[in-house]
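Welcome! Take a look at the structure below, and then we will walk through some of its parts together.

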Amino acid sequence: MSLREMVLRFKRYGTLLVLILVATFVIGLFPLARRINSYYSTSYVSLLKNSLSELLDQASDQTKAPFGAVVRRLNRQLVDIATNVDLSNLLRYEKLPWVSSDLRGIFVHGNSVKFLIEHGSDILLVEIPASLFERIISADMAYVFLTSSDRTIVVCNNLNLLGSKLNTEKGFLRLNDLAGFVHLERLEGFEAFVGSFIPLSTYLIVLLPYIIVALAALCGAVFWLNFAYSFENRLITAVNVVLDNVNQSLSKLEKTEEVVYVPIETKISELNQLQEGIHRLVEAQKASWHELHAMMQNLQDTVNDLEETQKTLQERNEQIIATLAEAIEVKDANTFGHSDRVVTLALELAKEVGLTDPADLEAIKFGALLHDIGKIGIPEHILNKPGRLTQQEYGIMKMHPIYGEKIIKKISGWDLVVDIVRHHHENYDGSGYPDGLKGGQISLRSQIVSLVDVFCALIEERPYRRALSVEEAVRLIEREMVGTKFDPRLYRAFVKVLERYLRAYPAGL
């Protein structure tokens with residue numbers, strides 16, 4: 001990306017930053033406004049509710065009426081029981097308890113709030129002067145009020161709002177030339193509402209610090225972007241001069257393979273320092289070029305030697321392994337070619353059951369080749385005995401997996417091969433040796449070599465029996481060994497391998 005493109009991107013990001021600041025400022029107003037609504041609505045409405053509750057509790061006890069309030073007993077027809085004055089032309093109710101929407105005082109001067117409360121078979125009229133609420137509830141930032149069931153304000157700490165009728169329970173509206181946010185909550189037990197009205201002036205007062213900070217941040221961002229844009233031309237001009245000088249030097253280097261870089265003075269100290277560094281770098285490059293070339297040549301020669309050595313070591317390792325396998329067959333004259341056949345079929349079976357890990361395949365290859373390496377430690381008269389082994393001789397023969405493990409485990413990185421050598425005579429039902437493993441305790445690698453080992457032994461000539469045909473060996477394994485010595489699923493996979501192998505090589509194994 002060129003410097004000019006970077007500057008253009010910087011401009012776009014700067015513009016985006018200003019837009020984000022504006023959006024953040026606008027979006028941030030909403031949660032702050034909601035906090036203002038929540039704070040004043042909760043605090044003022046709770047205060048009015050508590051005041052009303054206290055006054056009504058005192059008024060219900062006719063022996064101690066609250067100061068300034070009047071309590072009268074009325075019958076169901078709204079006739080004053082004490083004076084027999086009919087108040088039905090002034091009062092009405094639909095459901096007790098009730099708050100009257102008429103602002104005019106009956107027994108008190110000026111405006112009043114009139115509560116109708118059920119009192120036994122009678123009705124209790126509690127009339128509280130509006131002036132009493134003005135002393136109880138004072139608020140500078142918001143107004144709190146009580147409305148009747150038809151949402152007419154009957155008491156408020158702002159007298160200008162008395163008698164106003166609200167058309168919503170929550171939202172922005174205009175009351176007597178005042179714009180603000182109103183929030184109503186139902187007064188428990190009454191067909192009335194308690195609410196608060198927060199003027200727009202309150203929002204301006206509370207949000208003024210936030211607005212000042214946001215505008216200062218926005219102005220700072222705009223000033224910073226303007227300064228950055230003015231720096232653009234000087235930076236691009238200076239960089240272009242330096243680039244032209246560098247390109248000229250490179251052109252000379254391509255033609256003559258020798259170059260002398262001469263720095264050009266600019267008004268940007270960092271570019272001057274950069275050119276000085278380029279100058280020193282070019283001089284150092286010329287001094288070290290031939291030395292580096294020689295080192296690279298030596299390194300390539302070393303790599304070639306290492307690859308040749310690695311190839312030789314690999315060949316020698318394979319020769320050593322093959323020699324060990326031949327040593328087994330020399331010791332046991334009856335197993336000539338046995339290990340090679342086991343290796344071939346074991347690798348095919350491993351691929352059939354889905355083993356693809358190179359480490360597993362390599363372990364199966366060398367494990368199959370050296371699985372009988374431990375027979376080196378078994379006396380020849382037992383290995384080559386023409387008849388069946390005695391129990392004592394068989395016990396000695398069963399030691400060859402352990403002998404083999406001792407030989408192979410000294411080779412670093414051959415843990416998987418060691419596992420095959422030790423456990424290739426373990427049985428699926430746990431009747432094998434030397435550890436009596438069963439089922440999943442035996443690695444799949446060991447089970448593969450074990451099955452192929454037994455099959456190859458059956459089709460080979462032994463001093464104590466003739467060699468079986470492939471069909472006879474398969475039938476014998478299926479009849480006497482599947483489920484006890486071998487996993488049935490592994491056996492079925494092996495049969496598929498045999499069928500495929502015999503189709504490819506009709507001459508047989």
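## Strand 9 and its partners

Arg-186 has Phe-193 as its bridge partner in strand 9. The model you are looking at is a predicted one. Strand 8, residues 178-186, pairs with strand 9 in the antiparallel sense, and seven bridges hold the pairing. Six residues lie between the strands in the hairpin they make, and there Gly-189 takes a positive phi near 90°.

Strand 9 also pairs with strand 5 (residues 143-147), again in the antiparallel sense, over five bridges.

How many of the residues of strand 9 are buried? Seven of its seven residues, 193-199, are buried. Follow the side chains and you will see Phe-193, Gly-195, Phe-197 and Pro-199 pointing one way, while Val-194, Ser-196 and Ile-198 point the other way; all are buried.

Now turn to an open sheet, where four strands are arranged in the order 1-4-3-2 with antiparallel pairing. Strand 1 (70-74) and strand 2 (98-99) each have a single partner strand, so they stand at the edges, with one side of each left without a neighbour in the sheet.

Strand 1 is joined by five bridges to strand 4, residues 122-129, and the two run antiparallel. In general, the strands of a sheet pair through backbone hydrogen bonds, either parallel or antiparallel.

## Patches on the surface

Two patches are worth a visit. Tyr-13, Leu-16, Leu-19 and Ile-20 make up a nonpolar patch on the surface, and together they have about 410 Å² of accessible area. Ile-20 belongs to helix 1, which covers residues 3-60. Ile-20 counts as partly exposed because its relative accessibility is 44%, and buried would mean under 20%, exposed over 50%.

The other patch carries negative charge: Asp-301, Asp-305, Glu-307 and Glu-308 gather there on the surface. Asp-301 sits in helix 4 (residues 269-331), and Asp-301 is partly exposed, with a relative accessible area of 35%.

Our last stop is Ile-407, found in helix 9 (residues 400-408). Ile-407 is partly exposed, at 36% relative accessibility. Its C-alpha atom is separated by 7.5 Å from that of Gly-374, although Ile-407 and Gly-374 are 33 residues apart along the chain.

Note on methods. Residues numbered from 1 in each chain as written. Predicted model: local features only at pLDDT ≥ 70, side-chain atom pairs only at ≥ 80, totals over all residues. Heavy atoms only, no water. Patch = residues over 30% accessible without salt bridge, like charges linked within 9 Å, V, L, I, M, F, W, Y side chains within 5 Å. Areas by Shrake-Rupley, 256 points an atom, 1.4 Å probe, with all protein chains shown as cover. Salt bridge = Lys/Arg side-chain N within 4 Å of Asp/Glu carboxyl O. Lys, Arg positive; Asp, Glu negative; His and termini not counted. Charge placed at Lys NZ, Arg CZ, Asp CG, Glu CD. Buried < 20%, exposed > 50% of the residue type's maximum accessible area, 1.4 Å probe, protein only. Pairing = 2+ DSSP bridges.
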